[in-house]
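Me: I have a model open and would like to talk it through. Could you go over the fold and the contacts between chains with me?

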Number of protein chains: 4
Amino acid sequence: MAAKYAVERAREREERGVVATYIYELAKADPQKAGIAITLANGKTICAGDCNDGVTIQSVSKIFTLALALGAQGDRLWTRVGREPSGSSFDSILQLEHENGIPRNPFVNAGAIVVTDAILSNYRPKEALGELVQFVRSLADDDEIIIDKLVAQSEAETGHRNRALANYLASHGNLRNSVEMTLGVYFHQCALSMSCVQLSRAGRFLAFGGATGAGGRKIVSERRARRIAAIMLTCGHYDGSGEFAYRVGIPAKSGVSGMILAVVPGIASIAVWSPGLDTRGNSLVGTGMLEDVVDQLNWSVFA
Amino acid sequence: MAAKYAVERAREREERGVVATYIYELAKADPQKAGIAITLANGKTICAGDCNDGVTIQSVSKIFTLALALGAQGDRLWTRVGREPSGSSFDSILQLEHENGIPRNPFVNAGAIVVTDAILSNYRPKEALGELVQFVRSLADDDEIIIDKLVAQSEAETGHRNRALANYLASHGNLRNSVEMTLGVYFHQCALSMSCVQLSRAGRFLAFGGATGAGGRKIVSERRARRIAAIMLTCGHYDGSGEFAYRVGIPAKSGVSGMILAVVPGIASIAVWSPGLDTRGNSLVGTGMLEDVVDQLNWSVFA
Amino acid sequence: MAAKYAVERAREREERGVVATYIYELAKADPQKAGIAITLANGKTICAGDCNDGVTIQSVSKIFTLALALGAQGDRLWTRVGREPSGSSFDSILQLEHENGIPRNPFVNAGAIVVTDAILSNYRPKEALGELVQFVRSLADDDEIIIDKLVAQSEAETGHRNRALANYLASHGNLRNSVEMTLGVYFHQCALSMSCVQLSRAGRFLAFGGATGAGGRKIVSERRARRIAAIMLTCGHYDGSGEFAYRVGIPAKSGVSGMILAVVPGIASIAVWSPGLDTRGNSLVGTGMLEDVVDQLNWSVFA
Amino acid sequence: MAAKYAVERAREREERGVVATYIYELAKADPQKAGIAITLANGKTICAGDCNDGVTIQSVSKIFTLALALGAQGDRLWTRVGREPSGSSFDSILQLEHENGIPRNPFVNAGAIVVTDAILSNYRPKEALGELVQFVRSLADDDEIIIDKLVAQSEAETGHRNRALANYLASHGNLRNSVEMTLGVYFHQCALSMSCVQLSRAGRFLAFGGATGAGGRKIVSERRARRIAAIMLTCGHYDGSGEFAYRVGIPAKSGVSGMILAVVPGIASIAVWSPGLDTRGNSLVGTGMLEDVVDQLNWSVFA
């Protein structure tokens with residue numbers, strides 16, 4: 001079976017990347033860890049390795065807040081954030097300065113902060129977080145999903161770069177709420193704690209035309225699911241998005257904790273986890289697992 | 001039928017974009033023109049509108065030279081050019097300066113010039129062009145495909161920006177042949193003249209796993225076809241690649257003459273043409289035709 | 001007399017620039033205002049126009065904090081901030097990103113924030129401000145100089161761009177104290193309120209070899225005075241520094257309130273004020289007054 | 001005597017910088033060489049060390065072409081080139097892209113190419129070079145000054161970066177003549193071969209108010225001399241201009257051969273030479289000699 005085989009190969013790799021250290025809680029992760037969960041259209045989830053470990057999903061959360069914000073605001077959101085790959089690293093201010101405070105896409109940090117700010121136009125801060133947790137729980141059919149407040153706090157303490165971005169956005173008039181309130185919600189959303197199993201279930205709506213599976217509940221329109229998947233493919237791995245599309249070939253979004261959520265349209269929602277990162281901040285071993293699975297099952301969208 | 005319907009809608013559009021004027025020969029194109037050709041796995045080509053007009057394919061040629069260069073040099077090519085979307089316009093020198101003479105991808109002009117230079121390590125200039133024409137004729141099963149020398153010359157005369165790029169590459173040691181020789185071949189490859197019908201046939205190998213169709217001749221490996229398609233999706237429309245993926249959702253490469261070659265993996269190779277360009281240099285009406293066809297037939301790779 | 005003549009000409013000018021509006025208190029300034037004060041080596045101050053109006057000196061304060069920080073830390077300061085003109089606007093983050101958190105010079109905002117932070121390594125926040133006020137009073141021999149707390153507060157409220165810069169510096173490890181503490185002092189130093197007369201007296205040490213005049217008190221070494229003047233000439237007018245050197249030809253530092261402090265080495269310290277700014281944020285009429293005086297008296301350092 | 005002392009100290013320095021290697025003829029220079037010549041207002045030239053060695057002056061020539069172009073075109077020239085320090089290295093294309101083909105100042109390579117092109121609007125290529133040689137000979141009162149054609153040719157062969165810049169300028173419509181013609185003249189002007197003695201004499205007009213000395217021939221207006229000196233101070237050492245102003249404190253222009261021409265307004269014209277360069281491309285030992293002389297004689301314009 002592909003999942004098991006991928007984890008076995010993952011365990012054997014010598015090169016495991018480097019665990020992110022800028023958030024204290026993430027720095028403690030064991031680079032030997034590796035897990036995978038694959039949820040199919042029939043609702044069945046296959047998993048292997050450390051697929052039940054709870055891990056903060058970090059930037060993978062940007063997918064869920066984007067879906068929420070599009071639900072609340074529709075295409076108006078796109079006046080405040082673009083849809084183009086960035087050509088620079090995930091926390092670049094440079095691009096922002098070039099383009100007068102309009103982030104390139106919703107998956108660079110600046111763009112995700114704008115998306116969070118957009119949600120805050122519909123909800124108050126605590127409500128917004130409640131809404132987000134509720135949304136993710138509902139997507140995954142799992143009420144145990146929580147926010148890891150220790151990690152959220154840890155991020156808030158070391159978040160100078162994100163504070164710089166948010167203040168920069170504010171100076172361009174592209175934040176509607178206060179910097180601290182928006183960042184507060186942003187740091188908490190990054191600290192959503194999920195296992196690979198939970199995450200692969202939460203990602204179903206992007207794989208199955210906006211629904212939780214064949215004949216499942218409709219979460220977003222088919223068109224919206226497709227479009228979010230398109231942004232995942234072109235922008236989901238920061239400045240390594242082109243490389244990921246080239247090597248793996250499916251829409252996916254990575255997080256600095258080593259989590260990646262990937263979708264095979266019509267076929268599967270996949271979550272992988274391994275904490276070591278490559279030089280561009282994407283899970284090294286996680287990417288390898290996805291490459292193995294996609295190769296073996298011929299799941300590339302380009303095949 | 002989708003092709004005919006798309007052309008009909010295309011003819012009715014009021015907004016038609018702006019015809020490129022920097023090459024004299026292109027400036028004469030009639031923005032009312034619109035054509036489409038769809039070649040299916042069974043080898044059948046459906047077409048509508050001005051699908052038999054011969055047009056220089058301009059940057060669409062970068063696909064064919066990339067395939068040739070990968071054939072001649074294999075993955076060594078990737079030490080000289082990257083695979084990431086550029087985050088800037090097609091002829092940007094800025095990105096090049098940031099990254100010390102390594103172009104972001106083979107579809108920005110600087111990258112395509114490096115690819116052409118790579119081919120010249122295996123062939124002499126005239127041979128290289130002969131080889132390229134032969135390759136494209138063979139891909140399309142059509143010996144009538146030629147290079148429009150008038151357009152090639154016209155490009156050579158106004159190609160200051162490309163000369164700047166080539167000299168810049170040379171100053172970083174990323175050209176093996178002389179600037180003028182490399183540019184000479186480059187300007188000629190852009191002047192490959194093809195109709196939509198011819199182009200859709202030439203693109204089959206990217207749609208059908210490296211072969212010219214179901215049971216057809218093998219041109220490149222399945223893996224290479226898939227990978228070129230991935231680069232088309234992330235980088236094929238310059239700084240509008242994210243937008244195209246979002247709206248249309250299939251791998252495609254555009255040219256400044258208003259040609260676009262798109263592929264639906266396993267299903268179809270599509271060429272569209274309409275000379276008016278949007279602000280990012282991609283065919284406005286052509287993109288609309290692709291959007292119509294893909295929507296109608298549910299051909300997005302993200303669905 | 002040159003000062004009087006310059007003010008008369010200043011009053012007659014039709015083009016008066018645009019008053020800065022981003023700080024509420026500054027926005028109220030009357031663009032018709034124009035003042036000048038010239039303090040000579042013998043201690044005599046000549047003045048004309050609105051030369052006794054108290055105005056917050058804004059970025060002109062960067063000169064005084066630089067002198068204080070060099071006094072406290074010596075050349076160690078230059079490991080944290082450069083001495084080159086910036087080639088971009090005063091609050092650019094771009095340059096900072098290019099150069100990994102080392103601001104180009106102490107007169108762009110990011111550089112001045114680092115300088116303020118350096119002072120805070122020797123003093124606590126309130127002490128630091130007390131020390132600064134004391135220093136400026138002593139330079140000017142005038143105990144009436146104060147900080148305008150209303151303006152300081154107004155700056156703090158709208159200072160998103162400076163907050164972005166400070167957080168960015170912190171993310172690169174180039175702040176030793178907390179962002180809020182450093183910015184608190186920074187906003188207050190910008191709100192030092194002085195008249196042209198007071199400012200021209202405070203600037204004497206830069207004109208007279210580090211002393212308050214011929215035979216006056218020694219404030220800094222001759223070498224340090226000379227070097228600060230050099231930075232004023234190359235960096236004192238943000239991205240208009242080259243233009244100012246070209247047209248006027250003496251070391252000077254401008255502030256967004258329309259104040260400029262200029263020095264004619266060995267001869268005079270000059271303060272001019274007029275609130276309207278040119279497109280680069282420097283006093284339009286103030287620059288004109290300096291040009292008139294320098295032309296008339298042949299005071300250019302290049303003559 | 002200051003000149004002799006400076007050379008003695010220069011000979012003893014251990015750190016001598018790195019000789020430029022990109023032009024074959026320059027690469028042969030002996031880093032132990034060091035020369036200085038100081039021409040005073042009374043016409044007397046004091047010199048020491050290798051002050052009679054003929055060396056191509058490279059970028060120092062930009063001063064003379066600027067004076068010629070201003071003579072031919074007046075202030076119209078400033079519509080095509082700016083007067084601000086560049087904030088980046090001497091051959092940066094980046095800045096050019098940001099500012100749509102208008103070089104920052106006449107002393108970065110792109111700016112100097114525009115200046116050369118401007119001269120070609122008044123003279124044919126051979127005439128232009130003849131005019132330039134005649135101008136420099138007349139400035140120096142020395143008919144032996146020639147162009148080193150071997151070096152000119154050597155530059156032409158390796159000038160990819162300059163060709164990139166010139167083509168880029170052409171693509172923005174900021175060249176009036178053909179790229180090759182303009183570059184031909186440009187490469188030859190850089191190959192003007194002069195000794196320190198000759199160069200210090202040629203620079204007199206910038207030191208003595210536009211005239212060749214006290215009571216000498218008028219070459220340019222006092223105002224123009226002053227203004228060219230201002231550009232030398234803010235832009236004369238590429239991205240090391242701020243540092244040079246800080247450490248030495250007089251207007252100067254350096255060349256990649258290790259030549260520097262400096263002026264002390266009203267007092268002296270100084271040429272120094274030593275071939276080893278610092279990391280920013282300016283003569284390391286030459287800068288040291290100027291620092292010694294200026295310190296000893298208190299010649300800083302900021303004192």
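Me: What share of the contacts in chain A between residues at least 6 apart in sequence join residues at least 24 apart?

Reply: This is a predicted model, and in chain A 68% of the contacts between residues at least 6 apart in sequence join residues at least 24 apart.

Me: ok, and what is the secondary structure of chain A made of?

Reply: Chain A comes to 14 helices and 10 strands. Its radius of gyration is 17 Å, close to the 19 Å that the globule rule gives for 303 residues, so chain A is as compact as a globular protein of that length.

Me: What box do the C-alpha atoms fill, and how much of the chain is buried?

Reply: Taken along the principal axes, the C-alpha atoms of chain A fill a box of roughly 50 × 40 × 35 Å, and buried residues make up 64% of the 303 residues in the chain.

Me: Let me pick one residue, then. Is A:Phe64 buried or exposed?

Reply: A:Phe64 counts as buried, because it has 22 C-beta neighbours inside 10 Å and the cut-off for a buried residue is 20 or more. As for its place in the chain, A:Phe64 is found in helix α3 of chain A, which covers residues 61–73.

Me: Which residues does A:Phe64 touch, leaving out those up to four places away in sequence?

Reply: With those left out, A:Phe64 touches A:Leu132, A:Phe135 and A:Val136.

Me: Switching to chain D: in what order do the three strands of the open sheet come?

Reply: The order in chain D is β4-β6-β5, and the pairing is antiparallel. β4 (55–56) and β5 (146–147) of chain D stand at the edges with a single partner strand each, so one side of each is left without a neighbour in the sheet.

Me: How many bridges join β5(D) to β6 of chain D?

Reply: Two bridges join β5(D) to β6, which covers residues 192–194 of chain D, and these strands run antiparallel. As an example of the pairing, D:Ile146 has D:Ser193 in β6(D) as its bridge partner.

Me: Now the contacts between chains. How many residues of chain C are in contact with chain D?

Reply: There are 32 residues of chain C in contact with 32 residues of chain D. On the side of chain C that touches chain D, the elements giving two or more residues are α12 (222–235) and α13 (241–247) of chain C, and the largest share, nine residues, comes from α12(C). By class, the residues of that side of chain C divide into 13 nonpolar, 11 polar and eight charged.

Me: And how are chains C and D related?

Reply: A rotation of 180° with 0.0 Å of shift along its axis superposes chain C on chain D, with an RMSD of 0.0 Å. The two copies are thus related as by a two-fold rotation axis. The same surface serves both copies, since 100% of the contact residues of chain C recur in chain D.

Me: What about A and B, how many residues does the contact take from each?

Reply: That contact takes 32 residues from chain A and 32 residues from chain B. On the side of chain A that touches chain B, two or more residues are given by each of α12 (222–235) and α13 (241–247) of chain A, with the largest share, nine residues, coming from α12(A). That side of chain A has 13 nonpolar, 11 polar and eight charged residues.

Methods:
Residues numbered from 1 in each chain as written. Chains lettered and ligands numbered in written order. Predicted model: local features only at pLDDT ≥ 70, side-chain atom pairs only at ≥ 80, totals over all residues. Least-squares fit on C-alpha atoms with pLDDT ≥ 70 in both. Contact = placed C-beta atoms within 7 Å. Pairing = 2+ DSSP bridges. Helix = DSSP H or I, 4+ residues; strand = E, 2+ residues; numbered from the N terminus. Buried ≥ 20, exposed ≤ 12 C-beta atoms within 10 Å, placed from the backbone. Nonpolar A, V, L, I, M, F, W, Y, C, P; charged D, E, K, R; others polar. Rg over C-alpha atoms; globule rule 2.2 N^0.38 Å.
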